[in-house]
Amino acid sequence: MTLAPDGLARLVTAALPDEGLTAADVETCCYGPDTEILGDTDAAAVLTVKGSGDFVAAWLVLLAVHPDHRRRGRGRALVDESAARARAAGAVDMHLGTAIPRYVWPGVDFRFTAALALFEATGFEPYGAACNMAIPTSFRADSPAGVVVEREGGDGAATLASRCFPYWLDEVERAAVAGTCYAARAGGDTIGFACHSVNRSGWIGPMATDPERQRAGVGRSLLGAVCASLSAAGHAEADIAWVGPIGFYAKAGAAVSRVFRNAKLTL
């Protein structure tokens, strides 16, 4: 029987009490398309397999073992089972965490020593790193002249994402439905978007500005809008997920808060 979302959420809370994952976060990230839940309420893994033909890859989205059931080989057995299922589905490799567009982390937090040791022992090879940055939600920035930033109520942000940032389209569409997507408009055109609480409550991202309108303050005004929204929801600080341009966010007062290892297992 498949582990229900509430059961997985309780396991994650017990295994990672400081992570702050809500039941809604778990359901969003771990019960999306192409995803399979392995294990039970004592230990579980979340596997996503995507692609077809010669282009199939897999992601280990989540691995959690209850503290009362550690050091019994449960984690390793779940990694092995996930790899076997991914291989049977035609995947050529299995990555850790980076399952766009529904991910819990952009890799394995370097603070998770036991997890890093387990993945190293099971043959995962590191190939890079990613980071989150934390920003006080008190940050605000005025919009450039002629630009209006507002909560997305249509499909302008999705249209921009589809045209320039297709890998973020799913997240932008989900944020628009949830009311956590903000759009920047100029002359009736959508020239930027910023979202929060798409996969993880209180996390910022994705956000982007039309490549032809960058470096004019649009991104800062969008960042200020999502910070204001999160502040109103009771968040004093927010994580900017899977950061690309560190310098841009640093100028707004953000600082690197978490670093994640990227690794994959060749199947």
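**Exercise 1. Disulfides.** Count the disulfides in this predicted model, then explain the result for C29 and C181.

*Solution.*
- Step 1. Set the cut-off: a disulfide needs two cysteine sulfur atoms within 2.5 Å.
- Step 2. Take C29. The closest cysteine sulfur belongs to C30, 5.9 Å away, which is too far for a bond.
- Step 3. Take C181. Its closest cysteine sulfur sits in C195, at 3.8 Å, again too far for a bond.
- Step 4. Search the whole structure. The count is 0 disulfides.
- Step 5. Check the surroundings. C29 is buried, at 1% relative accessible area. C181 is buried too, at 0%.

**Exercise 2. The cores.** Find which residues touch the most other members of the largest nonpolar core, and which elements give two or more residues to this core.

*Solution.*
- Step 1. The largest nonpolar core has 26 residues. L8, V12, C30 and W105 touch the most other members.
- Step 2. Two or more residues come from each of α1 (5-15), α2 (23-30), β2 (43-52) and β3 (55-65).
- Step 3. Look for a second core. A separate one holds 25 residues, including C131, Y182, I204 and A225.
- Step 4. Return to W105. Skip its neighbours within four places in sequence; its contacts then include L16, V61, F112, W203 and F260. Charged partners are among them too: E19, R200 and R258.

**Exercise 3. A helix pair.** Work out how α5 and α6 are oriented to each other.

*Solution.*
- Step 1. Locate the helices. α5 spans residues 156-164 and α6 spans residues 169-178.
- Step 2. Read the geometry. The angle is about 175°, and the axes lie 9 Å apart.
- Step 3. Apply the cut-off: angles over 145 degrees count as roughly antiparallel. The two helices are therefore roughly antiparallel.
- Step 4. List the contact. A157, A158, A161 and S162 of α5 meet L169, V172 and E173 of α6.
- Step 5. Sort these residues: 5 are nonpolar, 1 is polar and 1 is charged.

**Exercise 4. Backbone details.** Locate the cis peptide bonds at P101 and P206, and the positive phi values at D34 and R215.

*Solution.*
- Step 1. I100 and P101 are joined by a cis bond, with omega about 10°. P101 lies in the loop between β4 (93-96) and β5 (108-109).
- Step 2. G205 and P206 share another cis bond, with omega about 0°. P206 belongs to strand β10 (residues 203-209).
- Step 3. D34 is not a glycine, yet its phi is positive, about 65°. D34 sits in the loop between α2 and β1 (35-39).
- Step 4. R215 also has a positive phi, near 65°. Its loop runs between β10 and α7 (218-232).
- Step 5. Is R215 buried or exposed? At 88% relative accessibility, R215 is exposed.

Note on methods: Residues are numbered from 1 along each chain as its sequence is written. This is a predicted model: local features need pLDDT of at least 70, side-chain atom pairs count only at pLDDT 80 or more; totals for chains, interfaces and linings use all residues. Side-chain values use heavy atoms; hydrogens and water are left out. Axes are lines fitted to C-alpha atoms, for helices over the stretch in contact, and angles run from 0 to 180 degrees between N-to-C directions. Helices (H or I, at least four residues) and strands (E, at least two) are DSSP runs, numbered from the N terminus. Angles under 35 degrees count as roughly parallel, over 145 as roughly antiparallel, 65 to 115 as roughly perpendicular and the rest as oblique. Contact means heavy atoms within 4.5 Å. Buried means under 20% relative accessible area, exposed over 50%, partly exposed in between (1.4 Å probe, protein chains only). A nonpolar core is a set of buried Ala, Val, Leu, Ile, Met, Phe, Trp, Tyr and Cys residues joined through side-chain atoms within 4.5 Å.
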